[in-house]
Amino acid sequence: MGKAIVIAGVPGTGKSTLARELARVLNTEAIDLSKLALENNLILEYDASRKTFVIDEEAVASKVRSIAESREGYVVIDTHYPEIIDPDIVDKVIVLRLNPFELEKRLLERGWGREKVNENVTAEILGTVSVNALEAFGDDRVYELDVSGKSVGEVLDEVFAVVKGEARFEPGLRINWLEQIPAEALDRFNNYGGDGNGF
């Protein structure tokens with residue numbers, strides 16, 4: 001049975017690009033969980049208020065497990081909700097963390113509305129993806145990487161080092177934006193309006 005390397009993070013952190021590049025280096029495929037859910041109609045509903053689909057978590061997890069079981073070696077998974085993946089197939093979860101102001105800029109450049117931008121930036125500030133991953137997989141399989149100001153090549157080198165188990169990268173929660181950025185500078189993101197498993 002194959003094992004999954006999960007590249008996680010909120011939208012805008014560069015996880016899809018990194019997942020594709022890592023899959024290329026490892027000579028395997030990258031699976032975007034959101035696309036997988038849409039392409040296989042593993043959707044429960046469309047949340048119009050949040051402009052997002054709500055996935056069938058059990059069905060997506062089952063599909064991912066069957067893909068991993070049919071492979072030798074690694075499969076690379078790209079997601080912002082890693083906690084739904086079966087822990088038995090996961091080798092490592094690498095959470096890409098991005099400075100909240102850099103993330104805000106990227107999401108606004110995508111044309112996202114203010115509420116959706118604030119929701120995702122707040123999730124990044126609070127480390128929501130990392131915390132959820134830690135609860136699902138334990139602190140020995142979850143790695144955080146600060147990708148702020150780094151090129152794709154630089155981040156790929158770090159991701160590959162984590163996959164190889166290089167000692168310079170330790171698992172666990174390492175990044176706390178609340179310690180690095182004054183609270184008043186974060187005030188404009190305080191109208192975070194929700195939670196859930198949409199995308």
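Residues are numbered from 1 along each chain as its sequence is written, and side-chain values use heavy atoms, with hydrogens and water left out. Because the model is predicted, local features need pLDDT of at least 70 and side-chain atom pairs count only at pLDDT 80 or more, while totals for chains, interfaces and linings use all residues.

The mean pLDDT of the chain is 89; pLDDT is the predictor's confidence in each residue, from 0 to 100. A value of 70 or more is reached by 95% of the residues. Over residues 192–199, pLDDT stays under 50. For this stretch the model has 27 contacts beyond four places in sequence, a contact being heavy atoms within 4.5 Å. Where pLDDT is low, the predicted coordinates should not be read in detail.

The largest nonpolar core has 58 residues. Such a core is a set of buried Ala, Val, Leu, Ile, Met, Phe, Trp, Tyr and Cys residues joined through side-chain atoms within 4.5 Å. Buried means under 20% relative accessible area, exposed means over 50%, and partly exposed lies in between (1.4 Å probe, protein chains only). The residues with the most contacts inside the core are Ile7, Leu33, Val60, Ile85, Val93, Ile94 and Val159. Helix α7 (residues 152–164) gives the largest share of this core, 6 residues. Val93 is in contact with Val6, Ala8, Pro82, Ala133, Phe137, Arg141, Val142 and Tyr143, leaving aside neighbours within four places in sequence.

Helices (H or I, at least four residues) and strands (E, at least two) are DSSP runs, numbered from the N terminus. Helix α7 has 13 residues, and its end C-alpha atoms are 18 Å apart. This agrees with the 18 Å that α7 should span at 1.5 Å a residue; the expected span is 1.5 Å times one less than the number of residues. Buried residues of α7 are Val155, Leu156, Glu158, Val159, Ala161, Val162 and Val163. The strands are β1 (3–8), β5 (74–79), β6 (90–97) and β7 (142–146). The helix is α1 (15–26).

Val117, Asn118, Glu119, Asn120, Val121, Thr122, Ala123, Glu124 and Ile125 are buried in α5. The packing partners of these buried residues are β6, α4, α6 (128–137) and α8 (177–180). Thr122 lies in α5 and counts as buried because its relative accessibility is 12%. The side chain of Thr122 reaches the backbone oxygen of Asn118 at 2.7 Å. Gly127 follows α5, with a positive phi near 65 degrees.

The structure holds 14 salt bridges, each a side-chain nitrogen of Lys or Arg within 4 Å of a carboxyl oxygen of Asp or Glu. Two of them involve helix α4 (residues 100–109). Arg106 forms a salt bridge with Glu102, the closest N and O atoms being 3.4 Å apart. Both residues lie in α4, 4 residues apart, about one turn of the helix. Arg106, at 28% relative accessibility, counts as partly exposed. Glu102 counts as partly exposed too, at 24%. Lys105 and Glu109 meet through their side chains in a salt bridge of 3.2 Å, N to O. Being 4 residues apart in α4, Lys105 and Glu109 are separated by about one helical turn. Lys105 counts as exposed at 52% relative accessibility, and Glu109 counts as exposed at 57%. An α-helix has 3.6 residues a turn, so residues three or four places apart point the same way.

Elsewhere, Glu166 forms a salt bridge with Lys164, with the closest N and O atoms 3.5 Å apart. Glu166 is partly exposed at 29% relative accessibility, whereas Lys164 is exposed, with a relative accessible area of 53%. Arg65, Glu69 and Asp86 are linked in a network of salt bridges.

Ser70 lies in the loop between α3 (57–69) and β5. Ser70 and Leu36 are 34 residues apart in sequence and 16 Å apart in space, C-alpha to C-alpha. The side chain of Ser70 makes a polar contact with the side chain of Arg71 at 2.6 Å. A polar contact is a pair of N or O atoms within 3.5 Å; within protein, one must be able to donate a hydrogen and the other to accept it, and residues adjacent in sequence count only if both atoms are side-chain atoms.
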